[in-house]
Structures are given as C-alpha cells and as structure tokens.
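Thanks for coming. I will go through one structure today, chain by chain, and then turn to a few single residues.

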Amino acid sequence: MKAADTGESIAETVSGLIRQAVGDVADDTDLRMIEGVDSVKVLRVIAAVERTYDIELEDEEVFALKTIDDVVRSVQDAVQAQGA
Amino acid sequence: MTAEPSGGQPEQQRQPGQPEQPEQPGHLELPWRVLPDYRCFGCSPVNGKGLRLRFQPDGDGIACALRFDRDYESHPGVVHGGVLSTVCDEIMGNLLVLRVGIPVFTTTLRVRFITSATIGADYRCVATTTADSATPGPYQARAEVFDGDGGLVVSAVGQYHPIAVEENRDRIDMTDEQAILIERELAKLRADH
C-alpha cells in the first residue's frame, strides 16, 4: 500500500481494474449479471485488487461482493485496517 | 538442470505416480542440494514420490512450470487442490529462503481456488515477496498459478517464520556435518543480498 492511497485513489484504482476486466459498467451494476462475466472473472479481478494493495479479503466478504461500489468499500476498509 | 543434484546422487527416472514437470533451463540451485539425502517432497529432484519442482528467476520473484498426470487427480481430469496448495507453499518458502538466507517454516497458508486446473495441461506458478534480509520475520509471500493463457487459477498468501539452522537442530534430523553444509550455503545467500 502506498502512503497516498486515500479513499478516493483506491476508488479510482479499484474501479479501473474492474472496468478493465468486465467493461465500462456503472458503480452499482451487479457484476455477475453482466453478460460474459462469470464468477471466475470476478474472482480474478478481486485477486488482482488484493495483489495491488497487498491485502487479503475474507472469503465470506469476497463472495458477497456484487458491485464496484462494494469492492471499493471492502478494499478501503481493509487498507484502513492494515494501516491501523 | 544439473545432472547430479543433491550431494552427488544421480537424478532418478520418473516413477509411476511422479509428476512429469516440464523441463526448465536455468533453474535456481537451492541450498538444500548440498545435503546428501535431501528428500523434500516439494523440491528434491531425487524424491521419486515428490513434486520435483524446479524454480527459475521471474521478475522480482521465482517461478516454476507445472504439469500433472492422473496420479495427482481430484475429480476426474482435475488436479487435486492439495497438490496445488503444496506447490504454492513450496515456491513461497523457497523464495523466502533464497531472499533472506534463513530457513523458514510455514505458519499460515491461505489458498483461493479461482478455477480448476486440468490434468495434463501446462501451468506456471509465480511467487513474490517484499521481504528481504534486512527485514525481521515473520515474512509474507504471495503465489499465483496461471494457465497457459495467463488466466489466474490459484491465488495464495503465506506467512513464514524464520528459524536459524542452529535453533532448528532439535526439530530437524540433521547431523553436525549437514548443519554446517547448509549453514554455509545459507551464509552465501545472505552475503549476496
């Protein structure tokens, strides 16, 4: 994690990674409902996010994530907890 | 690949039940090779029942090529998840030893299976860490298994506790001579960093 990882920069990075994988979707779109996006694709992008921020999200959390907004919130919480 | 790894023991022919790992030129020499009877299930080239993993430098980390036959199957046609977990653990542990020059023991291993791996197909496992010899343990490393198209198949994170050879003597069955041999190899690694 970089010192400049504010909530805003996390949102920008995470949404960028997700859109790169699934296409240009709204922040509140259910990712698994997008045509051509399956659970493997979602898990892969979440793994990329975890790697980017060197965090580990809990499985229960990961499987409950539906939208870009959800992922951003989870990452922000994890990064904040890591720095605490 | 050296013809006589591990203290001069001839490399064994593949036995039934032994994974046929793809050839990798320019593999890394692990410090354990100096032990005359080095049998690590993950990385000894002479353990006929082991995985016989060979590692190569890969960017900031190390990597190994993988291919498993049906002796390593779970569901029909699917590589057993425990085998892939072992691969991830093995590559992370060896990366850390090569990086910090101290033996490490796994304390936590978290493995996420993204999708299944297919028997007979080629995969590649890559491990990275931010740990170095200047930082105290415990160390963390990350390992990922990719398919032939670069798609992520397994993602793993491990936590490792460093324990110096001398502190390890009551846990590991080693003679004084073997401990000296290993410590000499590890000291070379520490000097290189």
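**Two chains and their contact**

Chain A has 84 residues, and 38% of them count as buried, where buried means under 20% relative accessible area, exposed means over 50%, and partly exposed lies in between, with a 1.4 Å probe and protein chains only. Before I go on: this is a predicted model, in which local features need pLDDT of at least 70 and side-chain atom pairs count only at pLDDT 80 or more, while totals for chains, interfaces and linings use all residues. Residues are numbered from 1 along each chain as its sequence is written, chains are lettered from A and ligands numbered from 1 in the order in which they are written, and side-chain values use heavy atoms, with hydrogens and water left out.

Now the secondary structure of chain A. There are four helices and zero strands in chain A, so the order from the N terminus is simply α-α-α-α; helices (H or I, at least four residues) and strands (E, at least two) are DSSP runs, numbered from the N terminus. Of the contacts in chain A with a separation of 6 or more, 64% are between residues 24 or more positions apart, a contact being heavy atoms within 4.5 Å. Accessible areas come from the Shrake-Rupley method with a 1.4 Å probe, and for residues only the protein chains shown count as cover.

How do the helices α1 and α2 of chain A pack? Helix α1(A), residues 7-22, and helix α2(A), residues 39-53, meet at an angle of about 145 degrees, and their axes are 10 Å apart. The axes are lines fitted to C-alpha atoms, for helices over the stretch in contact, and angles run from 0 to 180 degrees between N-to-C directions. On the α1(A) side, the contact includes I10(A), V14(A), L17(A) and I18(A), and on the α2(A) side it includes V45(A), A48(A), V49(A) and Y53(A). By type, the residues of this contact are ten nonpolar, three polar and one charged. In that count, Ala, Val, Leu, Ile, Met, Phe, Trp, Tyr, Cys and Pro are nonpolar, Asp, Glu, Lys and Arg are charged, and the others, Gly among them, are polar.

V79(A) sits in helix α4 of chain A, residues 68-83, and is buried at 4% relative accessible area.

Next, chain B. Chain B has 193 residues, of which 50% count as buried. Chain B contains four helices and six strands, in the order α-β-β-α-β-β-β-β-α-α. In chain B, residues 24 or more positions apart make up 69% of the contacts with a separation of 6 or more. Chain B exposes about 9,100 Å², 52% of it from carbon and sulfur atoms.

On the chain A side, R44(A), R51(A) and E56(A) supply 47% of the area that chain A buries against chain B, more than any other three residues.

Last, some backbone details. D54(A) is not a glycine, but its phi is positive, near 50 degrees. D54(A) lies in the loop between α2 and α3 (59-64) of chain A and is partly exposed at 31% relative accessibility. R52(B), also not a glycine, has a positive phi of about 50 degrees. R52(B) is in the loop between α1 (5-8) and β1 (56-58) of chain B, and is buried at 16%.

Which peptide bond is cis? The one from G137(B) to P138(B), with omega near 0 degrees. P138(B) is in the loop between β4 (123-129) and β5 (139-147) of chain B. P138(B) is also among the contacts of Q159(B), along with F105(B) and Y139(B). Q159(B) belongs to strand β6 of chain B, residues 152-162, and is partly exposed at 25%.

Note on methods
Buried area is the accessible area (1.4 Å probe) that two parts lose on being put together, summed over both. Lists of a residue's contacts leave out its neighbours within four places in sequence.
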